[in-house]
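These are my notebook entries on one structure. I set down what I looked up, entry by entry.

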Amino acid sequence: MVALKLNDIGARYGRTQVFEGVCTDWLKGGELTALIGPNAAGKSTLFKRIAGLLAGPGVVQVEDVREGHRPICYMPQDTGANAVLTVYESVLLAAKQGSGWRVADNDLSEIDRILSALRITDLAFRDLGALSGGQRQLVAIAQALVRKPEVLLMDEPTSALDLFRQIEVLDFMKRVAAAENMAVLIALHDLNHALRYCSQAMVIHAGRLVASGPSAEVITSDMLRTIYRVDARIEDCSQGRPVIIVDGCV
Ligand SMILES: Nc1ncnc2c1ncn2[C@@H]1O[C@H](COP(=O)(O)OP(=O)(O)OP(=O)(O)O)[C@@H](O)[C@H]1O
């Protein structure tokens with residue numbers, strides 16, 4: 001099973017240090033890990049550093065990558081599309097990128113399967129540029145999944161989705177991670193989603209990874225107060241799940 005470990009990694013833009021000294025234990029495939037932190041904390045930058053899109057100190061280790069799979073795929077926050085492609089062409093392009101351009105039957109059936117699982121088959125022959133923000137976000141998820149990554153970094157993948165789609169996508173990603181033994185890191189602002197769908201959470205703040213571990217141990221009223229400057233209680237709902245109830249700003 002794939003495993004990812006961050007060893008003392010850092011990143012900067014020019015002279016501005018975004019974070020440094022980020023270390024983790026082995027993050028295993030099969031589960032969702034939430035990457036949380038306030039605006040501008042460095043979540044996207046950490047993803048770019050892990051994906052190798054930004055250079056910096058430290059080492060990103062990925063072990064046990066299976067043949068035919070990509071080690072790491074980064075799904076950016078901004079899914080704006082300028083390309084003049086249909087949805088189907090864009091997903092096919094993502095599937096074939098870096099692996100030769102011969103298209104086999106199973107490439108096409110895999111695309112059909114993923115579009116159907118995300119319930120966007122009806123968009124297949126629409127132009128990317130003519131989609132809504134939420135539709136583009138669903139296509140970006142399809143483009144990421146068709147690449148068969150072992151480690152998938154999803155930057156706020158549900159930010160443009162309605163509530164039904166948010167839940168559907170996070171449920172789906174949880175099942176995909178378990179079925180494919182994929183390690184999925186998801187940057188999230190909705191901390192109730194992080195509590196509900198992600199078994200692990202990592203908090204980035206003021207240039208450091210300040211906490212990591214089981215979500216229910218990381219997302220506490222203390223953390224919400226000190227990092228998010230919000231007064232909140234975490235209580236079990238009638239179904240026994242922990243839920244954040246916000247009382248106000250600190
Ligand atoms: N290309 C860039 N050049 C210079 N500074 C950048 C660049 N991209 C991001 N930054 C800065 O790096 C810091 C971290 O940004 P980043 O996008 O990683 O934060 P984030 O946690 O993903 O934020 P948000 O929750 O608002 O999306 C911010 O101060 C931001 O202004």
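I take helices (H or I, at least four residues) and strands (E, at least two) as DSSP runs, numbered from the N terminus.

Basis of the entries. I am working with a predicted model, in which local features need pLDDT of at least 70 and side-chain atom pairs count only at pLDDT 80 or more, while totals for chains, interfaces and linings use all residues. I number residues from 1 along each chain as its sequence is written.

Helix α3. I then listed its buried residues: Ile111, Ile114 and Leu115. They lie on the same side of α3, because they cover an arc of only 100 degrees around the axis; the arc is that of the directions from the helix axis to the C-beta atoms. I count a residue as buried if 20 or more other C-beta atoms lie within 10 Å of its own, exposed if 12 or fewer, and partly exposed in between, with C-beta atoms placed from the backbone. On the face turned away from the buried side I noted the exposed residues Asp105, Asn106, Ser109 and Ser116. The cover over the buried residues includes α2 (87–96) and α4 (133–145), where contact requires C-beta atoms, placed from the backbone, within 7 Å.

Positive phi elsewhere. I looked up two further residues. Ala40 is not a glycine, yet its phi is positive, about 65 degrees. Ala40 sits in the loop between β5 (32–36) and α1 and is exposed, with 9 other C-beta atoms within 10 Å. Glu156, also not a glycine, has a positive phi of about 45 degrees. I located Glu156 in the loop between β8 (149–155) and α5 (163–180); Glu156 counts as buried, with 20 C-beta neighbours inside 10 Å.

Ligand shell. Among the surrounding residues I recorded Tyr13, Val18, Ala40 and Lys43. Helix α1 (residues 43–51) gives the largest share of the shell, three residues.

Sheet. I traced an open sheet of three strands in the order β4-β1-β6, with antiparallel pairing; strands pair if DSSP finds at least two bridges between them. Five bridges join β1 (residues 3–7) to β6, and Lys5 has Gln61 as its bridge partner in β6.

Methods
Near = placed C-beta within 6 Å. Contact = placed C-beta atoms within 7 Å.
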